[in-house]
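Please look over the sequence and the model, then read on.

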Amino acid sequence: MRFVVSSDRLLFLLICFLLQHLHICLILINNNNSNDNNNNNLINNNNRLFYAKEFLTRFGYIKTNDSSLYIPPSAVRAFQRFVGLNRTGLIDELTWQKMREPRCGNKDLRRIQRRKRFILQGSRWPANGPLTFRIVKYPTTFPQQFVDTELTKALKLWSSSSNLEFEHRKLKKSNELQPNHLDRKTDIRISFEIGDHGDTEPFDGPGNVLGHAFFPQYGGDAHFDNDEYWTSKSTEGVNLFQVAAHEFGHSLGLEHSNKPEAIMAPFFKGYTPNFTLQEDDIRAIQALYGGKPSKSFSSPLSNNIETYQAVAKQMAPSVKSSSRISPLCLDPKFDAIIVIDDDTYIFKDTLVYRRSKLAMDYDYPKAIRDVFGRWEGGIWQTLPDHIDTALVWPNQNIFFFKGKHYWKTIRFQLQAGYPRLISDGFRGLDEQHFFTGRLDAAFVYSRDNQTYFVKDAMVWRLNMNVEFAGTIDVDYPQFVARWLHIGEKITSALQWINGRTYFFSYQNYYRYDHINHHVEDSYPTYPRSISEWWLQCEQEQVPTTSTDYSHISRWKRAALIFESNLTNIDTIKSNNGRQRSKDNFFLLNILIFMIIITYYL
C-alpha cells in the first residue's frame, strides 16, 4: 500500500525538520566554542600555576616540590613580601608579571645572617692580597674589549666602597680556545654559557634568568647567559655592567636584598644611568670586608655622612674559618653522614651536627636521642649511640646501621618494629655473601641511583631500593679498590644535594665523577681535608688550601610546560570524541530524512 503525500505537506515537514536541526546545530556550535574557551582557559591557568610553582621552588620559597599544581599561600606571600607586593597569597596579575621579569638565577631565601635590610650569605674571601679574576669564556656577540671594560668597572664598584682589591688576569693565547682549562691561580672565573653548562643550573635562552654566581665558599665563579643581547650604555638589550655588578656581589658573599633600589635586589631594572652602589649594598659589603681605611662615604639616599672602619669582630667568617670551634675539628672522622631536606647531618659518638648548604649550624651539636626518636607507652624510643653508618633513600626512608642490626626513621620519626637484622631488610647482605656486620658506608650512587654497602675491602650492590624486597646482585661483592679506584679505606659515603657522590676516608674526602667513574680532576686535588672544606674549622687547626670549586645543587628548570597538561589534553580529546559522535548522529538523521523524501517523491 502506497501513501500519497501532498507537496504542501511535504514542504512543511521539510521546513520543520530543517529548523529543528538548525536549532540543534546552533546549540552544538555554541557549546563547542564554550568548551574550547574553557579548555584554553584551563590550560592557561594550569600553565601559569605550573610555572609559578617551579619559580617559587627554584628561588627558595617552596622547600620541597611535588607533581601537583598546589601552591602554598604562605610561599606566595613570602615572595610578595620580598618584592614589595600586596601579600594576597594568590598568583594575581601583579605577582605573575613580577615572576616573568628578567632576574638573577640565585635563590632569594636561604639560611641567612640579617643585618637590617641587606643579607650576608655567611662566607667571604680571606684577606691575603687582591682577589684575582679571569674571563675564561667571552660572549659571541659582544666585543672582548668592551667585556673587559664593563666587568672591570663592575668589580670597581665594590672595591670603591670596601677594603677589597681586584687583579685582572688575562687568558693566555694558548688557552683562548680552551675555556674550561684547569685554572689553579684565579679566584673568580667568569664565563658566558649557553643552556646546560655543567653546574646543574642551565640557562633558559633570552630573558628570564640572566646569570648566576657562586658564593666564596663554593668558588666564587660567575656565569652569564650567552643567549642574552648584552649591551653597554643603551636602553636596548641587557646592560652587562649592571648585571655583572649584581652577580659579583654574590661572588663576594652577598645574598639578594629585599630593598628594591639595591644592586643586590634580584630583578633587572633596565638600563640605569649613573648606576652605583646603594646604601644597602655598601653596608653589606663593609660588613664582610670593612670599609676603606680612614675614609667615609656619603649615603646616596641621605645627606648624612657615616664612617665605616674595618673592624674584625664585625666581619663575617671567611671561607676557611669559623667564629666558633667545633669538637669535630679536633677529630674529623665521623660515624655517619646523611642529608635531610637539603641539610647535612653528621653523626659522631653520641652527638649529631648539622650543616646547611652554606655553613655549619651553630645550634648544633645535639644529642642523637634528642633529634631522632618517638614516644611509645610514655617512653621515648630513640636510636643507639655510636652507629656504624646511615643510608637515605629518595622517599626519605632513613636506615641507621649498627653491628648486624638496623633502625628505620622517616625523616626524624623512628618507626615501630625496629631494630631488625640487616639480612632481613636487605636480603643477601649476610655471612653467605661474606658480610659479618659493622658496615663502613651505605649510599645511593649518583651513576645508577642504586644502593651500595661498603665493609672493609668489599662492596655490595642492592638490585632495588625497596626494603625486604631488594636483594644483593649476584655478581657482588666486589673489591672496593677495583670498583672505585680509591686505594684508601672508605669510612663513610653519601650522595649530596648537588647530585655528586662523596667518599670519606678518615680525615679526608673525595668527590667522585660518576659519569667517567673516577675521582674528579679538580684543583685543589683530591683527597681534601674534611675539617677545612666541610666543617669550616679554624685556620690554625687545619692545613691551608685554596677555595673549594664544588658547586651546590640548585633548581633544574622544567624542559616543557606541556607536560603539566597531559591530563587536561586527555580530557579535551575525550570531549572532542563525544562532540564528533553528536555531529555524526546529526548527519545520520539528515541522510535518513533524504532517503525518505526520495522514496515518496
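In an unreviewed UniProt entry, the annotation "binding site" covers Asp-335 and Asp-388; UniProt positions are given in the numbering used here, feature names are shortened, and annotations may be inferred rather than shown by experiment. The two residues are spread over 54 residues of sequence but cluster in space, with a largest C-alpha distance of 5.7 Å. The model is predicted: local features need pLDDT of at least 70, side-chain atom pairs count only at pLDDT 80 or more, and totals for chains, interfaces and linings use all residues. Residues are numbered from 1 along each chain as its sequence is written, and side-chain values use heavy atoms, with hydrogens and water left out.

Asp-335 lies in the loop between strand 12 (305–307) and strand 13 (336–340). Helices (H or I, at least four residues) and strands (E, at least two) are DSSP runs, numbered from the N terminus. Asp-335 has a relative accessible area of 16% and is therefore buried, a term that means under 20% relative accessible area, with exposed over 50% and partly exposed in between (1.4 Å probe, protein chains only). Leaving aside neighbours within four places in sequence, Asp-335 is in contact with residues including Phe-347, His-386, Asp-388 and Thr-491; contact means heavy atoms within 4.5 Å.

Asp-388 lies in the loop between strand 18 (379–382) and strand 19 (389–392). Its relative accessibility is 9%, so Asp-388 also counts as buried. Beyond neighbours within four places in sequence, Asp-388 is in contact with Asp-335, Phe-401, Lys-402, Gly-403, Arg-438, Leu-439 and Asp-440.

The structure holds 48 aromatic pairs. Rings of Phe, Tyr and Trp (its six-membered ring) pair if their centres lie within 6.5 Å; planes under 30 degrees apart count as stacked, over 60 as edge-to-face and the rest as tilted. Two of the pairs are set out here.

| Pair | Centre to centre | Angle between planes | Class |
|---|---|---|---|
| Phe-401 and Phe-426 | 5.7 Å | 50 degrees | tilted |
| Phe-435 and Trp-460 | 5.8 Å | 80 degrees | edge-to-face |

Phe-401 lies in strand 20 (residues 397–402) and Phe-426 in the loop between helix 8 (422–425) and strand 24 (441–444), so this pair ties together parts that are 25 residues apart in sequence. Phe-435 is in the loop between helix 8 and strand 24, and Trp-460 is in strand 26 (residues 458–461), so here too the parts tied together are 25 residues apart in sequence. Phe-401 and Phe-426 are buried, and Phe-435 and Trp-460 are both buried.

Ring pairs also link Phe-334, Trp-496, Tyr-502, Phe-504, Tyr-509, Tyr-526 and Trp-534 into a cluster. Arg-528 lies over the face of Tyr-526, at 4.1 Å from the ring centre. For this, NZ of Lys or CZ of Arg must be within 6 Å of the ring centre and within 35 degrees of the ring normal.

Two strands pair if DSSP finds at least two bridges between them. Strand 25 (residues 451–455) and strand 26 run antiparallel and are joined by four bridges.

The protein averages a pLDDT of 77, and 72% of the residues score at least 70; pLDDT is the predictor's confidence in each residue, from 0 to 100.
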